[in-house]
Amino acid sequence: MNRLALTLRPAALETPTSFLSRLAARNGCPDKVSFCYDLGLDLIAISNGERSAIEDLCHFAGLPNDAFAKTAVIKTTKMSCRVGQELFENLTLNRVEIRVCPKCQLEQHQLSSDLWAKVHKMHWQVPQIHSCYLHNEKLLTITAKSHHILRFDSSSAIRSAWNEIRNADSPLTADSFDN
Ligand SMILES: [Zn+2]
């Protein structure tokens with residue numbers, strides 16, 4: 001297995017699945033499923049936080065083996081997972097829909113128009129979080145019930161929904177409970 005010539009650094013608190021999406025885009029692949037197929041990476045095992053599969057990803061990307069030690073979503077049982085030292089029930093971490101803050105995405109776009117520069121932030125997947133704490137912007141769902149194998153391909157979802165992301169303007173407004 002050789003290290004890829006085109007690689008990336010993970011963003012702060014980036015999950016391996018988000019990073020894998022961006023790495024696929026960086027290498028000109030239309031989606032991370034075909035990217036994993038080409039490299040012999042086990043996408044489901046990476047998605048389930050299996051150590052050897054994540055180490056394979058780190059190897060290709062030229063990263064230390066523990067690069068995702070704090071951000072891998074590790075499946076612990078059928079109904080729960082662990083991120084770092086935190087345990088989550090499946091219902092407290094949405095792994096079916098992909099949500100983004102349009103303003104965060106546009107800020108990233110101003111720094112670089114490359115698709116692989118757009119990071120999907122882990123806390124956007126917590127269903128109880130409805131808005132971006134930086135922008136007070138309602139999170140935008142850009143895919144729903146995506147095909148099992150394509151779930152969490154954040155880069156291809158962002159590319160497909162780019163016009164929607166660019167045109168979104170949904171600041172949260174105060175309701176009667178805020179008065
Ligand atoms: Zn934001």
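**Testing the terms**

Tutor: This is a predicted model. In the protein chain, 61% of the contacts with a separation of 6 or more are between residues 24 or more positions apart.

Student: What makes two residues count as in contact?

Tutor: Their C-beta atoms must lie within 7 Å. Leaving aside neighbours within four places in sequence, Ile 46 is in contact with Pro 16, Thr 17, Leu 20, Leu 41, Ala 53, Ile 54 and Leu 57.

Student: Why is Ser 160 called partly exposed?

Tutor: Ser 160 has 13 other C-beta atoms within 10 Å. A residue is buried at 20 or more and exposed at 12 or fewer, with partly exposed in between. The count of 13 falls in between, so Ser 160 is partly exposed.

Student: Where is Ser 160 found?

Tutor: Ser 160 belongs to helix α6, residues 154–160. Its C-alpha atom is 9.2 Å from that of Thr 143, which is 17 residues apart from it along the chain.

Student: Which residues touch the most other members of the largest nonpolar core?

Tutor: Leu 20, Leu 41, Ile 46, Ile 54 and Leu 57 do, in a core of 20 residues. At least two residues of this core come from each of α1 (16–26), α2 (32–39), α3 (43–47) and α4 (51–61). The largest share, five residues, is from α1. Another core, of twelve residues, lies apart from it and includes Val 100, Cys 132, Phe 152 and Ala 157.

Student: How many helices and strands does the protein chain have?

Tutor: There are seven helices and five strands.

Terms used: Residues numbered from 1 in each chain as written. Predicted model: local features only at pLDDT ≥ 70, side-chain atom pairs only at ≥ 80, totals over all residues. Core = buried A, V, L, I, M, F, W, Y, C linked by C-beta atoms within 7 Å. Helix = DSSP H or I, 4+ residues; strand = E, 2+ residues; numbered from the N terminus.
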